[in-house]
Amino acid sequence: MVKLVYRQQEWEVKPGMTVRDAILKTGLKPYAVLPVRDGKLINEETILRDGDEIKLVAVVSGG
Amino acid sequence: MKCRKCGRPAVINMRQHKLALCEEHFLEWVLEQTRRAIDRYHMFAPDDKVLVAVSGGKDSLSLWDVLLRLGYRAEGLYIKLGVEEGAYSDKSLGYVERFAAERGGVHFQVVDVKVTYGMSVLEVARARHRGHKACSVCGLIKRHIMNRVAYEGGYSCIATGHNLDDEVAVLMQNTLRWQVGYLARQSPVLPATHPRLARKVKPFVHLYERETAAYALVRGIDYIYDECPYAVGATTLFYKDLLNQLEERSPGAKLSFYLSFLRAREQGLTFTEQTRLELHDCPRCGQPTTAPGLCAFCRLWEN
Ligand code: SF4
Ligand SMILES: [Zn+2]
Ligand SMILES: [Zn+2]
């Protein structure tokens with residue numbers, strides 16, 4: 001499974017789909033978050049692998 | 001998805017430019033875009049001393065980082081506002097201090113509103129506007145302090161981290177209300193109209209907020225992630241979201257909205273600057289004010 005984390009929330013999705021599709025499944029808007037895997041930014045067409053943990057960083061923040 | 005320049009995996013795809021880039025080429029691209037905006041709008045020259053208004057957020061810290069990497073003499077100004085009983089301010093100052101320390105102690109100064117003027121922004125807002133939002137008082141105080149520090153320190157201009165999303169959100173609000181005065185003044189560069197008012201520049205105006213956030217992530221810049229407690233629910237966030245929905249359907253919509261506005265503005269096609277009001281110098285601080293007597297900032301601290 002793949003874990004998605006956004007602020008205090010978490011979701012699990014199946015591997016094999018794109019990051020963008022996974023974000024859509026959570027109900028978040030793909031334009032509003034940046035996906036990070038192992039501390040690295042990844043593009044939204046990246047295919048998720050089993051065991052991935054994706055942190056979704058809000059685009060709008062702070063300041 | 002591969003980087004257009006080198007074929008390595010792309011970390012970001014900028015649909016409005018049909019451009020996907022890897023980490024290295026994305027960082028290079030952000031520097032280039034910023035440098036071009038600085039030159040195109042004649043913001044400042046290579047040896048000018050620039051004051052960067054830093055809040056601890058991603059935009060201002062990324063801007064400071066980019067200016068330093070481009071070799072500009074960029075120094076920071078952090079204004080400790082004191083919103084939400086100080087906790088938010090302390091936290092955001094921490095990010096600025098770490099940023100400066102990691103870069104060998106680049107120069108920045110802190111103006112603590114409470115220490116300097118006797119009350120925090122929150123306390124002034126409560127005293128003056130009973131229960132109203134702190135933002136109008138906060139904006140007034142920030143503008144005054146930025147102008148004062150720039151004047152006293154001999155800086156050529158104040159650079160702020162406004163990105164294109166910030167600008168189009170304001171543009172849309174002003175357009176919907178047909179605020180011609182504001183529209184005439186909305187620009188990547190605000191010239192100094194008085195010796196005590198600094199020139200204001202926005203070197204990130206061509207970058208989407210997604211890109212400034214991505215830049216901070218890729219550069220490993222640690223920034224304050226929470227919004228100021230008063231910003232939550234602000235109408236700007238609503239307009240940003242609307243504009244991003246438009247952008248999803250039609251990539252480049254935000255960019256072309258902004259650039260075509262600037263073009264019309266430059267050609268003087270749409271709005272003329274309203275006749276400028278006569279300005280008086282405030283007897284206490286020397287900054288200009290529209291009515292004789294103390295300026296709005298100085299009046300805040302009168303009992
Ligand atoms: S949201 Fe309002 S109170 Fe908070 S920093 Fe911005 S202007 Fe000041
Ligand atoms: Zn590359
Ligand atoms: Zn004054």
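Analyst: Below, each label is set against its criterion; the model is a predicted one.

User: Why is the site of the zinc ion (ligand 3) called tetrahedral?

Analyst: Four donors count as tetrahedral if all angles lie between 85 and 135 degrees. Here the angles among the 4 donor atoms are 106 to 113°. The site of the zinc ion (ligand 3) is therefore tetrahedral.

User: What makes the protein donors of the zinc ion (ligand 3) count as donors, and which are they?

Analyst: The cut-off for N, O and S atoms is 2.8 Å from the metal. The SG atoms of Cys282(B), Cys285(B), Cys295(B) and Cys298(B) lie 2.3 to 2.4 Å from the ion. They therefore pass as donors. Along the chain their spacing reads C-x2-C-x9-C-x2-C.

User: Which parts does the pair Cys282(B) and Cys295(B) tie together?

Analyst: Cys282(B) sits in the loop between strand 9 (280-281) and strand 10 (288-289) of chain B, and Cys295(B) in the loop between strand 10 and helix 12 (296-300) of chain B, so the pair links parts 13 residues apart in sequence. Cys282(B) and Cys295(B) are both buried. That label requires under 20% relative accessible area.

User: How do you know that strand 1 of chain A and strand 2 of chain A pair?

Analyst: Pairing takes at least two bridges. Strand 1 (residues 2-6) of chain A and strand 2 (residues 9-13) of chain A share 5 bridges, in the antiparallel sense. They therefore count as paired.

User: What makes strand 1 of chain A mostly covered?

Analyst: Of its 5 residues, 4 are buried. Strand 1 of chain A is also joined to strand 5 (residues 53-58) of chain A by 3 bridges, and these two run parallel. Lys3(A) has Glu53(A) as its bridge partner there.

User: Why are strand 2 and strand 4 of chain A called edge strands?

Analyst: The open sheet of chain A has 5 strands in the order 2-1-5-3-4, with mixed pairing. Strand 2 and strand 4 (40-41) of chain A each pair on one side only. Strand 4 of chain A pairs with strand 3 (residues 33-37) of chain A, antiparallel, over 2 bridges. With a threshold of at least two bridges, that is enough. Val36(A) stands opposite Leu41(A).

User: What is the strand order in the sheet of chain B, and which strands are its edges?

Analyst: Its 6 strands form an open, mixed sheet in the order 5-4-3-6-8-7. Strand 5 (108-112) and strand 7 (189-190) of chain B are the edges. Within the sheet, strand 3 (residues 49-53) and strand 6 (residues 157-159) of chain B pair in the parallel sense over 3 bridges. Val50(B) has Cys157(B) as its bridge partner. Helix 3 (residues 87-102) of chain B lies across strand 4 (73-80) and strand 5 of chain B, at about 160° to strand 4.

User: How do you know that chain A and chain B are in contact?

Analyst: Contact requires heavy atoms within 4.5 Å. By that test, 23 residues of chain A touch 26 residues of chain B. The area buried between the chains is about 2,100 Å², with 53% from carbon and sulfur atoms. In chain A, Tyr31(A), Leu41(A) and Asn43(A) lose the most area to chain B, together 31% of what that side buries. Helix 9 (residues 209-219) of chain B lies across strand 3, strand 4 and strand 5 of chain A, running at about 20° to strand 3 of chain A.

Conventions:
Residues numbered from 1 in each chain as written. Chains lettered and ligands numbered in written order. Predicted model: local features only at pLDDT ≥ 70, side-chain atom pairs only at ≥ 80, totals over all residues. Heavy atoms only, no water. Axes fitted to C-alpha atoms, helices over the stretch in contact; angles between N-to-C directions. Donors = N, O, S within 2.8 Å, 3.2 Å for Na, K, Ca; no water. Tetrahedral: all angles 85-135°; square planar, octahedral: opposite > 155°, others 65-115°. Buried < 20%, exposed > 50% of the residue type's maximum accessible area, 1.4 Å probe, protein only. Buried area = accessible area lost by both parts, 1.4 Å probe.
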